[in-house]
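These are my notes on what I looked up in the structure.

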Amino acid sequence: MKDFFKMMLASALGFIIASLIFSFISMLIMVAMMGSMMGSFGKQDSFVLQNNSVLNLRLEGAIQERVAESDPFSGLIGGIPSSMGLNDIIGAIRKAKANDKVKGIYLDARLFTASNATLAEIRQELEDFKESGKFMVAYADSYTQNGYYLASVADKIAINPQGMLDVHGLASVPLFFKDALQKLGIEMQLFKVGTYKSFAEPFTQTEMSDENREQVNSFLNDIWGFMKTDIAASRNMNPAQIDSIANELPMFKKTDYLLSQNLVDTILYENEMKNYLRDLIEIDADAQIPSATVDNMKSVRTQTIRKSTNSIALLYAVGNISSGNSSSGIQDKYMVNEIEKLRRDDDIKAVVFRVNSGGGSAYASEQIWKAISDLKEEKPVVVSMGDLAASGGYYIACNANRIVAQPTTMTGSIGIFGMIPNFSGTLDKLGIDTDVVKTNEFSDFGNISRPFNAQEAVMLQSYVDNGYDLFLTRCAEGRGMPKDSLAKYAEGRVWTGNQAKEIGLVDELGGVREAIEIAAELANLGENYAVFEYPRMKSPFEEIFNRNKEELAAKTLKNYLGESYDMFMLLKNIKDQDYIQARLPYDLNIN
């Protein structure tokens, strides 16, 4: 017994010491984080734009609609580029155009990820910048296709003598999990409306259906058509030449080939490119180049803007649509509350609803649709479609006064489905049996240990049919089209913004700028108005702790589950969804 108490005391003492050490280390990390944060804030506040400056437009990481002001972890974790906000990039380009201290743009497009509509938004701003008469040059050791699409706007494109340049066209490569699910004994029970509604195909098939292949081929060719036409126009070529070059896969060609095909203007090492920049701004060869980054430009003052009685709200709706009251993604209760605040705010004269969503819960989409309808009764609502405004994303956008989309936005996908797993095969493989006692015929409806019976399947399909009919009705009323006419463009089919305009699902082609101008016109604001973004962005600490809590949980699960982690997450996502979904067909995986 004496030894037992000794052991207990030793264990308790060890636990206390370990806790103290862990707390001390945590405090040190917190102090380091705060120091890093305060340091980054100090740099931001102390930046002064010099005369003869160059906007160093360095693009890297993932480009999202908006990002938090500062990420203290970015200085602690090396090699991982921070995300960039599309709004910050556009703001920096516009300030550079308007500010006489900035003489031009140095475009440094590194490894970054952005969808086609985001690229179009940035490219549009770069083209607008050139109207100022200021210079724009581009340089890279290696150009990705997305990077080159933006760089092609520049007055001069330079590349490292040993560099690479990629132009290859577009492809969609979806993954199919049917066989993997069968090995686990999982059957996905599908109820849908829409010939082209193909979200469930990866779970129920091993390849694309003919209808899905048709729509993917259609929108890929339309998107590529815009990209190659833009590149060709900027490089004084024709689109057929871009196709010919893409078919030769130039990324494996020497830089002399790139020069001969007019893809680049010159071949320089980076220090030579910097000397070229010095010549452009007329400074000495050894002088430091005055420059500003996208982050720096946030602190550059423009005309003082205060909230006035002539304000336009730019309301962001980004991510999956679901039921809930969180600012993560598009959760109906949270979003409806934000919309209601704008409706009651008399200083807000119009709302630009920036939608970037592939959809989600049909129920949550209906709640947001109703809130937008109420808002529209009191002030103009103009939708600006981002990368995606499809399925549920189109549902919440369809009743706006006007809809604006980029030509390469993915939209439409008017259709719904229900997908519920049946784990009876999994239980058989594990040797697990189930039984049931119930008071009524359908007391165990939704029991995933058995398949739906015929009567349940009929009722569920009828429920999905009714949901689709409501979706069609909302879209037809919102667009002012006969329901049977709109039905021809529904069936779950995905359209580009360009195609959607031709069939009446979209009113105008353009970006946020055009949407704001239309909203101001509808509200009779003239040119004297201010634009403010909603909802409030999370603080850096909120972003860090929420994100890292999720990352820690994910890493722990991955360590335990190993190769089964991906399948677990797939099934978890299915479990967490509402039964009835209005969602874009899977991850389009366009490369």
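I looked up glutamate 338 and lysine 341, which lie three residues apart in helix H12 (residues 332-344) and are therefore separated by about one helical turn. I note that the model is predicted. The side chains of glutamate 338 and lysine 341 meet in a salt bridge, at 3.4 Å from N to O. I found glutamate 338 to be buried, because its relative accessibility is 9%, under the 20% limit. Lysine 341, at 42%, counts as partly exposed.

I then turned to lysine 438 and aspartate 444, whose side chains form a salt bridge of 3.3 Å, N to O. Aspartate 444 is buried, with a relative accessible area of 10%, whereas lysine 438 is partly exposed at 39%. I also recorded a network in which salt bridges with shared partners join Arg94, Lys97, Glu125, Asp128 and Arg513.

I next examined the nonpolar cores. The largest has 60 residues, and Leu57, Ile89, Ile93, Leu126, Tyr143, Leu150 and Leu165 touch the most other members. Helix H7 (residues 210-234) gives the most to this core, with eight residues.

For isoleucine 93, I set aside neighbours within four places in sequence and found contacts with Leu55, Leu57, Ile105, Ile122, Glu125, Leu126 and Phe129.

I checked the span of H7: its 25 residues reach 36 Å from first C-alpha to last, close to the 36 Å expected at 1.5 Å a residue. Just after H7, asparagine 236 takes a positive phi of about 55 degrees.

Is serine 311 buried or exposed? I found serine 311 buried, with a relative accessible area of 0%. Serine 311 lies in strand S9 (residues 311-318) and touches Asp347, Ile348, Lys349, Ala350, Ala530 and Phe532, residues up to four places away in sequence not being counted.

Lastly, I located phenylalanine 252 in the loop between helix H8 (239-246) and helix H9 (255-260). Phenylalanine 252 is exposed, at 62% relative accessible area. With Met164 and Leu249, Phe252 forms a nonpolar surface patch of about 280 Å² accessible area together.

Note on methods. Residues numbered from 1 in each chain as written. Predicted model: local features only at pLDDT ≥ 70, side-chain atom pairs only at ≥ 80, totals over all residues. Heavy atoms only, no water. Core = buried A, V, L, I, M, F, W, Y, C linked by side-chain atoms within 4.5 Å. Buried < 20%, exposed > 50% of the residue type's maximum accessible area, 1.4 Å probe, protein only. Helix = DSSP H or I, 4+ residues; strand = E, 2+ residues; numbered from the N terminus. Contact = heavy atoms within 4.5 Å. Expected span 1.5 Å × (residues − 1). Patch = residues over 30% accessible without salt bridge, like charges linked within 9 Å, V, L, I, M, F, W, Y side chains within 5 Å. Areas by Shrake-Rupley, 256 points an atom, 1.4 Å probe, with all protein chains shown as cover. Salt bridge = Lys/Arg side-chain N within 4 Å of Asp/Glu carboxyl O.
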